[in-house]
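Student: I am new to this structure. Please pick one part, look at it closely, and then show me what surrounds it.

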Amino acid sequence: MKLVVIDGQGGRMGSAVVEQLKAACAEHTIYALGTNSVATASMLKAGADFGATGENPVLVNTRDADIIIGPMGIVLADSLLGEITPAMAVAVGQSRAYKILLPVSRCKHHIVGCQDMPLSESIRLVIEEVKRYLQTPDCKP
């Protein structure tokens, strides 16, 4: 399975996700897509199998991804302080991949009903959801 992790800014969230994914789902290929080179480098250092930076890698790699993971801003144009272009948000939104979004309440976006919790707890829940999804019989493309 192709697991795509998208992050921006310093890549702190993405690198934590990649590190834990690598430990929990080592048999799957992890693609680190950074909106900038710092984020990509951080996720590669955390253990991603492949990495690329910018809009076009997001457009290309979301087409055939099985799972896409990132902050909720990856589906909102101009989020992450403007690092998510409208084309990137559309590509993620239109992808047939299963999307697991971390509810980061920053930059004028808030999801009602999500509780405030430490990033480490949110990432633990992401890993649990990836493992649950991978065990679901109908998750195969």
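Tutor: Start with a term. A residue is buried if its relative accessible area is under 20%, exposed if over 50%, and partly exposed in between, using a 1.4 Å probe and protein chains only. This is a predicted model, where local features need pLDDT of at least 70 and side-chain atom pairs pLDDT 80 or more, while totals for chains, interfaces and linings use all residues. Residues are numbered from 1 along each chain as its sequence is written, and side-chain values use heavy atoms, without hydrogens or water.

Our part is strand β1, residues 2-7. Strands here are DSSP runs of E with at least two residues, helices are runs of H or I with at least four, and numbering starts at the N terminus. β1 is mostly covered, with 6 of its 6 residues buried. K2, V4 and I6 point one way. L3, V5 and D7 point the other way. Both sets are buried.

K2 has a further contact to look at. Its charged end sits over the ring of Y31, 4.4 Å from the ring centre. The rule asks that NZ of Lys or CZ of Arg be within 6 Å of the ring centre and within 35 degrees of the ring normal.

Now the neighbours. Strands of a sheet pair through backbone hydrogen bonds, either parallel or antiparallel. Two strands count as paired here if DSSP finds at least two bridges between them. β1 pairs with strand β2 (residues 29-34) in the parallel sense, over 6 bridges. There, L3 stands opposite I30. β1 also pairs with strand β4 (residues 67-71), again in the parallel sense, over 3 bridges. In β4, L3 has I67 as its bridge partner, and V5 has I69.

How does the chain get from β1 to β2? It passes through helix α1 (residues 12-24), and the three make a right-handed β-α-β unit. Right-handed means that, with the strands pointing away from the viewer, the path from the first strand over the helix to the second runs clockwise.

Step back to the whole sheet. It is open, has 5 strands, and runs in the order β3-β2-β1-β4-β5 with parallel pairing. The edge strands are β3 (50-53) and β5 (98-102), each pairing on one side only. From one strand to the next, the twist averages 20 degrees. Helix α2 (residues 37-45) packs on the sheet and touches β1, β2 and β3. Touching means heavy atoms within 4.5 Å. The direction of α2 makes about 160 degrees with that of β2. Such angles run from 0 to 180 degrees between N-to-C directions, with axes fitted to C-alpha atoms, for helices over the stretch in contact.

Helix α6 (residues 119-134) lies across β4 and β5, at about 170 degrees to β5. Next come the aromatic pairs. Rings of Phe, Tyr and Trp (its six-membered ring) pair if their centres lie within 6.5 Å; planes under 30 degrees apart are stacked, over 60 edge-to-face, and the rest tilted. The count comes to 2 aromatic pairs. One of them is Y98 with Y133, stacked at 4.1 Å centre to centre and 5 degrees between the planes. Y98 lies in β5 and Y133 in α6, so the pair ties together parts that are 35 residues apart in sequence. Y133 is buried, at 13% relative accessible area. Y98 is partly exposed, at 27% relative accessibility.
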